[in-house]
Every structure is written in structure tokens, then in C-alpha cells.
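Morning, everyone. I have one structure to walk through today. Have a look at it first, then we'll take it piece by piece.

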Amino acid sequence: MSRERTAESVRDEGEPLLSVRNLQTVFHTDRETIRAVDDVSFDVYPGETVGIVGESGSGKSVTARSIMGLVDSPGEVLAESSIRFNGEELTSLSDAAYRDVRGSGIGMVFQDPQQSLNPVYTIGNQIREALEINRGITGAEATAEATDLLESVGIPDAKRRLDEYPHEFSGGMRQRAVIAMMLACEPDLLIADEPTTALDVTIQAQILDLLKELQKERNLAILFITHDMGVIADISDRVNVMYAGQIVEKASVENLFERPKHPYTRALIESIPGEHSRGEGLNTIEGEVPTPNAPADHCRFAPRCPQAFGACDEMAPQHIDVGETVEHTAACLLYPEGETETERLEHHRALASGEDVDTEGEHR
Ligand SMILES: Nc1ncnc2c1ncn2[C@@H]1O[C@H](COP(=O)(O)OP(=O)(O)OP(=O)(O)O)[C@@H](O)[C@H]1O
Ligand code: NI
């Protein structure tokens, strides 16, 4: 094989940095068990950006918190779940070992930068503390490194601003400071949960550009979570579309927007402002994301789906290969395309029972 490999083939051959399999995170309440994340699987390879997109309540943040080991009672990551990072299984780690992963391997940025900043300490002190705890750097060296970090996230006059408090920073600058603090831990993976949602559009674009730049410089992998399809299109290499605790479509960003297959993805694309609405307001999807409280025995999107038919209420759709080259799957009973309804349902039934099905379809 040639030594000159494309990015795509490197990814096929290399190991994923993060590998999530059958992730199930539930919340036990008095009345029911909420299946907030219900059998979610995806990979993130070094240096790439993977998006998770879906409406409010679809389980995006719980997915992120599960990976970070931040699910507290009454939440529980069920035993069958697997989260492998750099080859290490995280679900079985002790609290202390998980803290180390958060301090070095995986960094996280949230929607609200205040969540990560302490109002009573200067920005400089907080970055220096991160440097000391996670890399053992102290004193003048820490100050120099903190200045470099603030500069690298595009904060002008960095040396002086180290002595300022979070409230002296604007929203966008605070988010940059949080990113600098996260970089102090030299992570391989950044999990960004709606990091730009609270910012106005210009600032949002600047933060996205900053993340792309840092990614290139540091070969940082990014798991980017948002409900905004425009942001997903801007930043992702590959996308997972989430609905009611499950991934309903996985695709490269090009395929997702040019050849969306799942009716939910299509509805999300149609609801992008200005895309199809001709400025007449948002084309929102009617109805709400259900709160799943039982294992899926039907398609959870069916009640809102314009293409639903009888079987959608009676069986859970499996992920079907819908692409030609790179991974592209949709969990929908409309696929495989070109098969009769009876054949399609048989296909999903066989996949559900674990049979090895030729997803290219023998019925062509
Ligand atoms: N601590 C908790 N206790 C009970 N249920 C919870 C808890 N945290 C989350 N959930 C439930 O889990 C589901 C998924 O929530 P999650 O926050 O992951 O959604 P999301 O996709 O991030 O939405 P948003 O876009 O609003 O942030 C929701 O139904 C929510 O009510
Ligand atoms: Ni969320």
C-alpha cells in the first residue's frame, strides 16, 4: 500500500480516540426511569470534529456528561455501556482516575462560561491553578504559560488581562478564557456543549473559527454539541443526529446536508432559518421530543413524522446503510430504499435479532 494515504483512509485504519458503544444513561425518578440516552454508539478519531445535533431534550448533554463521568444520582450509566478513550475503558474508572482523565485527556466547554470560572479569582489565577494541578507548572513559568495561552485564544493585551476578574470580561472573552483554561490541560479531546449558543452571531463565528484554528494547531479532536444545524454545518466533519435518546442518522457533513435520509434530519434542515422559509419565520417541527421511559419498541419520531406508516408504531427501526462510500446510516423503516415494505420490515427484524444481514440488499 502507498505511504501517501488520504485522511479518510488514515481514519479507516487508525484507532478511534473515543469510542462510545451502547451508551445507556437513565435517571431514576419516583414514578419512572427516564432513558435519557438509550443505546448510543459513535466514534471520534484524532483531530476530527464530530457533531451531535438534535432538539432540546434529545439527550445531547447527558451523552456529554456520561463521557466526562459527570452523571450523578439519580442518574446512572447502565452496565452494558462502554466508553473507551485512548484504548482505556472509562465506565469502570474510580472517581479519582476519572478526575485525571478530565484534567488531562478530555476538556469540556459549556454554554455558560460562568460554570467553569470562579468569580472571586482572577482569570490568571485560574489558568495558573489549572497549570499547576494538571502539569505541575508554577511561579513565573506558570504566568508566562498562562499569558501564552490567553494569547493563543485571541485575547489581546493578555499579560494585563491575567489580573482581571471574570466579570471584567465580555461573554465572548469569558468563553475564550475558559478555552484557554481547558488548553492548560493539553487535552486530546474537547467536548463542547453549546459553547456558542449564548453568544451573538458575530462572536459565535469567532469562537467557531478559534476552535478550528486550535484544532489544526494541536490536532485536537472535538465533540461538538448543538441544536443549531447552521453551526453543525460550519464545524463538523461527521454528524450524529439525535432524537429522544437515540442516534437516528449518522453521516459525513456533506452527505447529511446534501442527501439527508431520516425524516427527522430532513425536518431539521427545513427548519434552518432562511433555508426554505424565505424569511417568513422558522419552519419548526410540530410537536415535542417525547421523554423516553421504556425500551424502544417503536420509532420515537413516528408521532411527528410526515412519512410514518403503520409499522412505525410497532417496531424499533435499526440503523441501515444508506450511503455509497463513507459511513452513512439511518434508523428508519423507510430503508433500505428500493425494497418493498415487507422486505424492509424483514430486514429490520433480522437486524434486531442480531442476524448478519447484507445491508446492501440482496433484493435488488
Ligand atoms: N438530573 C436529571 N434528572 C432527571 N432527568 C434528567 C436529568 N438530566 C437530564 N434529564 C432528562 O434527560 C433528557 C435529556 O436531557 P439533555 O439535557 O441531555 O437534553 P439536550 O439534548 O442536551 O437538550 P438541550 O438542547 O435543551 O440542552 C431530558 O428528557 C431531561 O429531562
Ligand atoms: Ni443540552
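Let's start with the sheet. Keep in mind that this is a predicted model. There is an open sheet of eight strands, and the order runs β7-β8-β9-β3-β10-β11-β13-β12. The pairing is mixed. In general, strands of a sheet pair through backbone hydrogen bonds, either parallel or antiparallel.

Which strands sit at the edges? They are β7, residues 106-109, and β12, residues 319-321. Each pairs on one side only. From one strand to the next, the twist averages 20°.

Now zoom in on one pair. Strand β3, residues 49-53, and strand β9, residues 221-226, run parallel. Five bridges join them. For a landmark, find Ile-52: it stands opposite Ile-225 in β9.

What packs on this sheet? Helix α11 does, residues 263-270. It touches β3, β10 at 238-243 and β11 at 246-252. The direction of α11 makes about 100° with that of β10.

Next, the domains. The chain is divided into two pieces: domain 1 covers 16-105 plus 188-297, and domain 2 covers 116-186. Their centres, taken over C-alpha atoms, are separated by 27 Å. The contact takes 10 residues from domain 1 and 12 residues from domain 2.

Look at the domain 1 side of that contact. Helices α3, residues 95-105, and α8, residues 201-218, each supply at least two residues there. The largest share is from α8, with four residues. By type, this side has seven nonpolar residues, three polar and no charged.

On to ligand 1. There are 14 residues around it, and those that come nearest are Ala-36, Ser-56, Lys-60, Ser-61 and Val-62. Two elements give two or more residues to this shell: β2, at 33-44, and α2, at 60-68. The largest share, three residues, comes from α2. What is the make-up of the shell: how many nonpolar, polar and charged? Four are nonpolar, nine are polar and one is charged.

Last stop, Asn-255. You'll find it in helix α10, residues 253-258. Is Asn-255 buried or exposed? Buried, because 21 other C-beta atoms lie within 10 Å, and the cut-off for buried is 20 or more. Beyond its neighbours within four places in sequence, Asn-255 is in contact with Gly-323 and His-328. Compare Glu-327: 72 residues separate it from Asn-255 in sequence, yet the C-alpha to C-alpha distance is 9.6 Å.

That's the tour. Over to you.

Key: Residues numbered from 1 in each chain as written. Chains lettered and ligands numbered in written order. Predicted model: local features only at pLDDT ≥ 70, side-chain atom pairs only at ≥ 80, totals over all residues. Buried ≥ 20, exposed ≤ 12 C-beta atoms within 10 Å, placed from the backbone. Contact = placed C-beta atoms within 7 Å. Near = placed C-beta within 6 Å. Nonpolar A, V, L, I, M, F, W, Y, C, P; charged D, E, K, R; others polar. Domains from an automatic or database assignment. Pairing = 2+ DSSP bridges. Axes fitted to C-alpha atoms, helices over the stretch in contact; angles between N-to-C directions.
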